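Please look at the sequence and the three-dimensional structure shown here. The paragraphs below lead through them step by step.

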Amino acid sequence: MSGICGQKQSNMKISESDLIINPDGSIYHLNLLPEDIAETVITVGDPDRVGEVSKYFDQVELKKGKREFITHTGFVGKKRLTVLSTGIGTDNIDIVFNELDALVNIDFETREIKKELTSLTIVRIGTSGAVQPDIPMGTLLASSHGLGMDALMSYYQQQLSGDEQLLMNDIKAHFGHLENINPYLTAADDTLLNTIGKDMHQGITITAPGFYAPQGRLVRAKNAVPDFISLINSFRSNRRRITNLEMETAGIYALAKVLGHKALSVNAILASRVNFEFSSNPNKMVEQAIKTVLERI
Ligand SMILES: O=P(O)(O)O[C@H]1O[C@H](CO)[C@@H](O)[C@H]1O
Ligand SMILES: O=c1cc[nH]c(=O)[nH]1
């Protein structure tokens, strides 16, 4: 088929260069067939964490992978679950979320958008650093919002709710002097936040486009934004505050909403950036996060 360029419409075929399907019928990067994924998906950053989640499955029906994208699908009791690694960063989230959505919402035979769309439930189990002194290492934190400091959502159309817009106004006022950063904001799925995230610490998670200077770390290269952690942890909007830093949540929340999926990010806090501490036993904290999410999902 020759390529149809431009914006996709629901009655148009999506071209072979916009949506790449491998010769075996699988989606380009994830290497998955539509039937390979469950409607509830756990994402993790680290490919090695996929097995740490699926070891709790009662039955594993599928293990596939390509590059950093490792997928296991199986059952916990009667519930079918997929766990999938995204690797690091929102550039990978762009790939994972567009391809997960294509697996459920595009007919791979006709290359058309399906008439009935499926809304996936997607829960990230990640690691993160806290920026508030009362959030110690070992905390399990559910992100009420993802605040992206990367560029991903400069390339997508996004509509904010009234609440998101009010919070965004305060964010723009606080961070407006950082001329090269164009922040974006999306709330968690409310139901997931109040079920899986219930009784967890909750707060705004900043998603950074890097681990070092973009998270206020100073090793040898000089930082362009001085006192970044103080700038972050002094932000307030009514009773809302920024609680932690990592590298995927904002992209996940924003693309999930754009594509009609439900998302929550649960963070095992491995670092306290204000107390200059990093966990000596990160695996134990991640294990706790995995068990808690699997009990509640
Ligand atoms: O442990 P994961 O899920 O990868 O999450 C965090 O750890 C990585 C950085 O070390 C980034 O991906 C960050 O978001
Ligand atoms: O400080 C931290 C810890 C884990 N992951 C991050 O991105 N930052």
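The account begins with the chain as a whole and then turns to the ligands.

This is a predicted model, in which local features need pLDDT of at least 70, side-chain atom pairs count only at pLDDT 80 or more, and totals for chains, interfaces and linings use all residues. Residues are numbered from 1 along each chain as its sequence is written, while chains are lettered from A and ligands numbered from 1 in the order in which they are written.

The chain contains seven helices and 14 strands; these are DSSP runs, helices being H or I of at least four residues and strands E of at least two, numbered from the N terminus. Its radius of gyration is 19 Å, which agrees with the value near 19 Å that a compact globule of 297 residues would have. This radius is taken over C-alpha atoms, and the globule rule is 2.2 Å times the number of residues to the power 0.38.

Where does ligand 1 lie? Domain 1 (1-118) and domain 2 (126-297) both give residues to its shell, so ligand 1 lies between them; the domain bounds come from an automatic or database domain assignment. Among the residues around ligand 1 are Val44, Asp46, Thr127 and Glu248, where a residue counts as near if its C-beta atom, placed from the backbone, lies within 6 Å.

Around ligand 2, the residues include Ser128, Gln215 and Leu270. β7 (121-130), β12 (240-246) and β13 (262-272) each supply at least two residues of this shell, and the largest share, three residues, comes from β7.
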